[in-house]
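Let's take a friendly walk through a protein model, looking at rings, a metal site and the core. Keep the structure open beside you as you read.

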Amino acid sequence: MSRKIDIFDTTLRDGEQTPGVSLNTYEKLEIAKQLERLSVDVIEAGFPIASHGDFKAVKTIAENIKGPAITGLARANFKDIDRAAEALKDAKRPRIHTFIASSPIHMKYKLKMTQEQVLEAAVEAVKRAKSYVEDVEFSAEDASRSEIEFLCRLFSAAINAGATVINVPDTVGYTTPEEFGNLIKTLLEKVPEMDKVKVSVHCHNDLGMAVANSLAAIKNGATQVECAINGLGERAGNAALEEIVMALNTRKDFYGYSTGIDTRHIYRTSKLVSTLTGIYVQPNKAIVGANAFAHESGIHQHGVLSEKSTYEIMTPESIGLSSNKLVLGKLSGRHAFSQRLKELGYELTEEELENAFLRFKDLADKKKEITDGDIEALVEEQVLKLPEIIKLEYYQTSSGNKAISTASVRLKIGEKSVEEAATGDGPIDATYKAIERACQMHCKLVDYSIKSVSGGKDAMGEVIVKIEKDGKIYTGRGLSTDIIESSALAYTNALNKTMLPNGKNNGHH
Ligand code: KIV
Ligand code: ZN
């Protein structure tokens, strides 16, 4: 019988530390719901002491998500731990995750603490967390660069103080698979108490080895892996959840371990996270990249057509990609549309379905063939729709390579209609200036990107913008067959988000 590895998802905590990523509470809850469908064992929902927004997100997720255990991060001090406990108080299965650095470099330069002081702080922190919840995780930050004798003492003390999970992070992505595998093996040999608890790893990808290091740790006795969807996370990111899970699944013969993950939700989860964070997945990314199941060369295509396993080690269906690439069009009815949605794994309410169908019909008037990618984009737009205070009612632009670009817009702001015009450096700049004038807001445009949702000249353009206001970053998304309209919609979407509570400070925790 294969042993089960717990999947601890940190997309909403370490993943949100990805530069330029900022999610509001509503978006975090949507991701948490999807992680629940994916059946992760633990959701790290945030770092409650870091900001009011983080606290609220952890609290909201703790109140609403009852499948996975919910955890919040806390440094090894009472203030952090008390705040995490408060945020988690309505969770069905709360876990407090407390950490302190254990490497000589971190202790000397960052903490300015001796080994004995770190040990004492760790024990006090675990005891404090234990006074609130049964399930307490202790992490030794920068464990992979720590002295082994001290690490053993620290873990032993944390377990004796009540820790139920011991996490071994490779905080700076420095280790290698062999070295890290040996570290886990040594810890298990030298700390007898480790037998009583879950042994977790948390690997960063600075040298591109986060997944390999995590798998080596599993091979040597780790029973929980911390990872993030699409490999998001601080700097080069964390180990990618989808890669760990599919490696364990596909190579069960070698690893002999399974997970509780419903892999058929992997693709949608990746898509949702990419849409909400505005971080695109590279096409050649393992498992979820657009090319992960595409066979380009004639020899490969021939092989796959006669026998899939010639070049395919896992099926697209196993991650929730459908092989049925049926294209819908103007004449497709509600039944075909809702059937397709079901096949793509969406469960919509009647109202959401009705709205999505209207958008589909609207799009079918402009675009001949509607692909799965189009449908996914439309539905996500519907399902993720936030309350709109600013609404784009109308816009008009004129531009040319020898002319000054001008734009006029009409916005509905609350109950009022406001019209404005502006000139700019190109039609999009002019539109953005007119929008800013109309709503009397000024923001810095930090990033703008455009991508076609599917192929063809009539493809929809998806625009993602990141704007900065009062030191916070907000991501907006707009979708249309007209790129000026998608640009305007993305901008108003981001402006609307500035009026919602939350948004991460443009800095690090
Ligand atoms: O990378 C790291 O060490 C962390 C810890 C807080 C677990 O993110
Ligand atoms: Zn980390």
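A charge is said to sit over a ring if NZ of Lys or CZ of Arg is within 6 Å of the ring centre and within 35 degrees of the ring normal. In this predicted model, the charged end of Arg 128 sits over the ring of Phe 78, 4.1 Å from its centre. Lys 219 lies over the face of Phe 254, also with 4.1 Å to the ring centre.

| Pair | Centre to centre | Angle between planes | Type |
|---|---|---|---|
| Phe 138 and Phe 155 | 6.2 Å | 80 degrees | edge-to-face |
| Phe 337 and Phe 360 | 4.7 Å | 25 degrees | stacked |

Phe 138 belongs to strand β6 and Phe 155 to helix α6, so their pair ties together parts 17 residues apart in sequence. Both Phe 138 and Phe 155 are buried. Phe 337, Phe 357 and Phe 360 make up one aromatic cluster.

Next, the core. The largest nonpolar core has 97 residues, and Phe 138, Phe 155 and Ile 166 are among those touching the most other members. Domain 1 (3–277) and domain 2 (298–383) both contribute residues, so this core lies between them. Apart from it is another core of 22 residues, including Val 409 and Ala 494.

Finally, which protein residues are donors of the zinc ion (ligand 2)? They are Asp 14, His 202 and His 204, lying 2.0 to 2.1 Å from the zinc ion. Asp 14 and His 204 lie in two loops, so the pair ties together parts that are 190 residues apart in sequence. Asp 14 is buried, with a relative accessible area of 3%.

How values were computed:
Residues numbered from 1 in each chain as written. Chains lettered and ligands numbered in written order. Predicted model: local features only at pLDDT ≥ 70, side-chain atom pairs only at ≥ 80, totals over all residues. Heavy atoms only, no water. Core = buried A, V, L, I, M, F, W, Y, C linked by side-chain atoms within 4.5 Å. Buried < 20%, exposed > 50% of the residue type's maximum accessible area, 1.4 Å probe, protein only. Domains from an automatic or database assignment. Donors = N, O, S within 2.8 Å, 3.2 Å for Na, K, Ca; no water. Helix = DSSP H or I, 4+ residues; strand = E, 2+ residues; numbered from the N terminus. Phe/Tyr/Trp six-rings, centres within 6.5 Å; stacked < 30°, edge-to-face > 60°.
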